[in-house]
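Subject: Structure handover

Hello,

Here is the structure I promised to pass on. Please open it next to this message; my notes follow below.

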Amino acid sequence: MSLPGTSRIPVPTVMLFLVVALLLRSSLQTSLVTRGADPSVAADLSYVVVPPLVALFLSPLLHNRLDWVMQLFRFQGITLAAILHAITIGFLLRIAEWSQLIAGIALGFYLDPTARSQPQPSFAFDCPDSTYLLLALLVTVILMPLVEEFINRGLIQSSLEYRGAVIAIPVAAALFAICHRSGSWPMTFLGGIVLGVLFWKTRSLWLSLITHATVNALILLDWRCLHGQWNPPVSSLPLWKLALPSLAAFVLAVAGIVYVLHKKIPGSMVLPGTERVTERLRPVR
C-alpha cells in the first residue's frame with residue numbers, strides 16, 4: 001500500500017523556513033563577531049542553532065509523516081562497497097573543483113586585478129587549534145550535510161519527484177546552489193545533481209550524506225589548513241601548460257563520477273513516464 005501525500009510538502013514553505021533559519025544564524029554570527037569572536041569560530045558556533053530551528057519550523061509539516069521521514073534514513077541496500085563508492089564520488093567532486101579552479105586562473109577567468117601579483121603559486125599547510133578544528137568538523141562535516149541533504153534531497157526533491165528525475169533533481173540542485181556563495185554556484189549545482197542522483201537511485205539519504213560529508217571535509221581542510229596564493233600577471237596569460245592538464249583532469253573526474261554512479265551505485269535511474277509514482281513511493285516491507 002502506498003503512502004499518499006507523504007512526500008508532497010510545499011517547496012516554497014520549506015525554502016522560507018530555511019531562509020529564516022539562515023538569517024537568524026547570520027544575525028547570531030554578526031553578534032558574536034561584534035563581541036570579539038574570531039569570524040571562523042563565529043560562523044561555526046552560529047550554525048549550531050540551524051538544525052534545531054529547522055526542526056522547529058518544519059515540525060508542523062512533518063508531525064504526521066514520521067514513518068516517511070524514517071524511510072529516508074533506511075539502511076536497506078547501503079553496503080560497505082556503496083559507502084566506499086560514495087566517498088570516492090566525494091573525492092572526485094573535489095578534484096573537479098580544484099581542476100576547474102586552476103584552469104580558470106590559468107586562463108584568466110578568476111583574475112583579481114586588486115590583489116598583488118603572484119606569478120608562482122605558493123602554498124602552506126597550517127591547521128588552527130584542535131578545539132576550533134573539531135568544532136569546524138562537527139559543523140561542516142556533520143550538521144551542514146545533515147540539514148542540507150534532508151531539506152534539498154529529502155524534502156524538496158521528494159516533493160518534486162512526481163514530475164520525474166529531469167525536473168526534480170535539477171530544481172533541487174538549483175535551490176541547493178543558491179544557498180551558497182554566488183561564486184560557487186556552477187560547481188555547487190553540479191554537486192547537487194550528483195547528490196540528487198544518489199538519492200534518486202537508492203531512495204535513502206545515507207549515500208548522499210556520505211558524499212556531501214566527504215566533499216565538506218576536503219573543503220574544510222582547504223579553508224582552514226591550506227593557505228595559498230596565486231595571481232599570475234595578465235601579461236603571462238593564458239597559461240596553456242597548466243590550463244590544458246587541469247581541464248583534462250576536470251573531464252576525467254566528471255567521467256569517473258558518471259561511471260561510479262552508473263556502474264557501482266545500486267538502484268536504477270528511472271526517467272519520468274517509465275513507472276508509476278505510486279510504485280516508487282511504495283514503502284519497503
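Where is R203 found? R203 sits in the loop between α8 and α9 (206-224). Keep in mind throughout that this is a predicted model.

Most residues other than glycine have a negative phi. Is R203 buried or exposed? R203 counts as buried, because its relative accessibility is 16% and the cut-off for buried is under 20%.

A cis peptide bond joins L237 and P238, with omega about 0°. Most peptide bonds are trans. P238 lies in the loop between β2 (226-231) and α10 (240-264).

Next, the helix pair α7 and α8. Helix α7 covers residues 165-178 and helix α8 covers residues 185-202. Their axes come within 8 Å and cross at roughly 135°. That angle is why α7 counts as oblique to α8. The crossing of α7 past α8 is right-handed.

Which residues meet there? From α7, they are A165, A168, I169, P170, A173, A174, F176, A177 and I178. From α8, they are W185, T188, F189, G192, I193, L195, G196, V197 and W200. By type, the residues of this contact divide into 15 nonpolar, three polar and no charged.

Now the core. The largest nonpolar core has 54 residues. Which of them touch the most other members? They are L58, L62, I89, F150, L155, I156 and L261. Helix α6 (residues 130-160) gives the most to this core, with ten residues. In soluble globular proteins, nonpolar side chains tend to be buried together.

L261 deserves a click of its own. Leaving aside neighbours within four places in sequence, L261 is in contact with I89, V194, V197, L198 and K201.

Last, P10. P10 is in the segment before α1 (11-34). P10 counts as partly exposed, because its relative accessibility is 42%. P10 and L23 are 13 residues apart in sequence. C-alpha to C-alpha, P10 and L23 are 20 Å apart in space.

Best wishes

Terms used: Residues are numbered from 1 along each chain as its sequence is written. This is a predicted model: local features need pLDDT of at least 70, side-chain atom pairs count only at pLDDT 80 or more; totals for chains, interfaces and linings use all residues. Side-chain values use heavy atoms; hydrogens and water are left out. Axes are lines fitted to C-alpha atoms, for helices over the stretch in contact, and angles run from 0 to 180 degrees between N-to-C directions. Helices (H or I, at least four residues) and strands (E, at least two) are DSSP runs, numbered from the N terminus. Angles under 35 degrees count as roughly parallel, over 145 as roughly antiparallel, 65 to 115 as roughly perpendicular and the rest as oblique. A crossing is left-handed if the near helix is turned anticlockwise from the far one by less than a right angle, and right-handed if clockwise. Contact means heavy atoms within 4.5 Å. Ala, Val, Leu, Ile, Met, Phe, Trp, Tyr, Cys and Pro count as nonpolar, Asp, Glu, Lys and Arg as charged, and the others, Gly among them, as polar. A nonpolar core is a set of buried Ala, Val, Leu, Ile, Met, Phe, Trp, Tyr and Cys residues joined through side-chain atoms within 4.5 Å. Buried means under 20% relative accessible area, exposed over 50%, partly exposed in between (1.4 Å probe, protein chains only).
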